[in-house]
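Reader: I'd like to learn how to read helix packing and a ligand site from coordinates. Could you walk me through an example?

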Amino acid sequence: MTQEKTVALVTGANKGLGLETVRRLAGRGWQVFLAARDRRRGIEAAAGPAGEGVEFVELDVTSDDSVAAAVKAVAERVDRLDVLVNNAGVGGPLLDPADMDADMLRALYEVNVFGQVRVTHAFLPLLRRSRQPRIVMVSSALASLTHAGDPARPEHGFLSLDYASSKAALNMIVSQYARALPGFQVNAADPGNPATDMNHHTGVHTVAEGAAAIIRLATLDPGGPTGGFFGSDGPVPW
Ligand SMILES: NC(=O)c1ccc[n+]([C@@H]2O[C@H](COP(=O)([O-])OP(=O)(O)OC[C@H]3O[C@@H](n4cnc5c(N)ncnc54)[C@H](OP(=O)(O)O)[C@@H]3O)[C@@H](O)[C@H]2O)c1
C-alpha cells in the first residue's frame, strides 16, 4: 500500500473553496480524498467537477464517530496522509454582538473550532507517517486582530462575534500545533473574500482566487514556513 503520489484530504469539499482545492490538487496528479458530511453531495462532487482520481469520504467534523470512520476508510486505502486541509466551516447569522448569546457561539464553534481539532487529532497518526506532513487551516482576514483594530480596514467595520472569534481561535490553534509538531508545516490560510454559498455569493473574489492561498500552503516545499498566516499575496498580520 505504498504510494508515490502525494496524498491529501480536504474537508467540506463538496462545494466552494473545498471543491476548488480538491480540483486543483487532483490536477497536480495527487491522490485526493474529497471529504463531505453529506453522502449524496460528496459522491456527486467527487464523480463530477472534482476531477480524475478523487475519492469521496464521508466526514462530519462535528461527530467523533464520523471522523473515526473517515480515518479508518482512508487508512484502508493509503498508508499515510501528506496534506490535511481543514476547510469545512460555517458562517454566522450577522447579528449585533450584543444580541448574541453563548449558545449561538457554541453551535458555530462546534464546526469552525472544535471540528478542526477533532479532525486534526484523529488524522495525526496518518500524518506522522508522511515525510512532509502539512496541515492547512482555512481561516479568514476577519480573524486578524491587527486588521480589526485598524479603522482604515474593511474588517474593522465587520462585526461578527461568533465567526471572527472562531477564526481567531483557529489561528492560535495553528500556532500551537506548529510549535508542538516538529517536522510539520501547519499554517492558516486567508482566502480573501470569494463568492460562495457562505456569503450568498456576495464576495468580490472568484473561488479560484480564494483557493490560491490554500493551494500555496498545501504545496509548500520542504523547509517552507510553519506557524504562519498567509493570504495569496503573502503574510497576513495576526
Ligand atoms: N467565502 C468567503 O468569503 C470566505 C472567507 C474567508 C474564509 N472562508 C472559509 O473558507 C472555508 C470554506 O468556505 P466556503 O466559502 O467555500 O463556503 P461554502 O461554499 O458554504 O462551503 C462550506 C463547506 O463546509 C461544509 N461543512 C459545513 N459544516 C460541516 C460539517 N459539520 N462537517 C463537514 N463539512 C461541513 C459544507 O458542507 P454542506 O454543503 O454539507 O453544508 C461545505 O462543503 C470555510 O472555513 C470558511 O469559513 C470563506
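Predicted model: local features only at pLDDT ≥ 70, side-chain atom pairs only at ≥ 80, totals over all residues.

Reader: How do the axes of helix 1 and helix 7 cross?

Author: Two packed helices are described by the angle between their axes and the distance between the axes. Axes are lines fitted to C-alpha atoms over the stretch in contact, with angles from 0 to 180 degrees between N-to-C directions; helices are DSSP runs (H or I, at least four residues), numbered from the N terminus. Here helix 1 (residues 16-27) and helix 7 (residues 207-218) have axes that come within 9 Å and cross at roughly 60 degrees. That makes helix 1 oblique to helix 7, since angles under 35 degrees count as roughly parallel, over 145 as roughly antiparallel, 65 to 115 as roughly perpendicular and the rest as oblique.

Reader: Which residues of helix 1 and helix 7 make the contact?

Author: Contact means heavy atoms within 4.5 Å. Helix 1 brings G16, L17, E20, T21, R24 and L25, while helix 7 brings V207, A208, G210, A211, A212, I214, I215 and A218. By class, the contact of helix 1 with helix 7 has nine nonpolar, three polar and two charged residues. For the classes, Ala, Val, Leu, Ile, Met, Phe, Trp, Tyr, Cys and Pro are nonpolar, Asp, Glu, Lys and Arg are charged, and the others, Gly among them, are polar.

Reader: At what angle do helix 4 and helix 6 cross?

Author: Helix 4 (residues 102-127) and helix 6 (residues 161-180) cross at roughly 20 degrees, with axes that come within 9 Å. They are therefore roughly parallel to each other.

Reader: And how far apart are the axes of helix 3 and helix 4?

Author: The axes of helix 3 (residues 64-75) and helix 4 are 10 Å apart, packed at an angle of about 25 degrees. Helix 3 and helix 4 are therefore roughly parallel to each other. D64, V67, A70, V71, V74 and A75 of helix 3 meet R118, V119, A122, F123 and L126 of helix 4. That contact divides into nine nonpolar, no polar and two charged residues.

Reader: Now the ligand: which residues come nearest?

Author: Near means a heavy atom within 4 Å. Of the 29 residues around the ligand, R37, R41, N87, Y163 and T196 come nearest.

Reader: How far is a polar side-chain atom of R41 from an oxygen atom of the ligand?

Author: That distance is 2.7 Å for R41. For K167, a side-chain N or O atom is 2.9 Å from an oxygen atom of the ligand.

Key. Residues numbered from 1 in each chain as written. Heavy atoms only, no water. Helix = DSSP H or I, 4+ residues; strand = E, 2+ residues; numbered from the N terminus. Polar contact = N/O pair within 3.5 Å; in protein donor to acceptor, adjacent residues only side chain to side chain.
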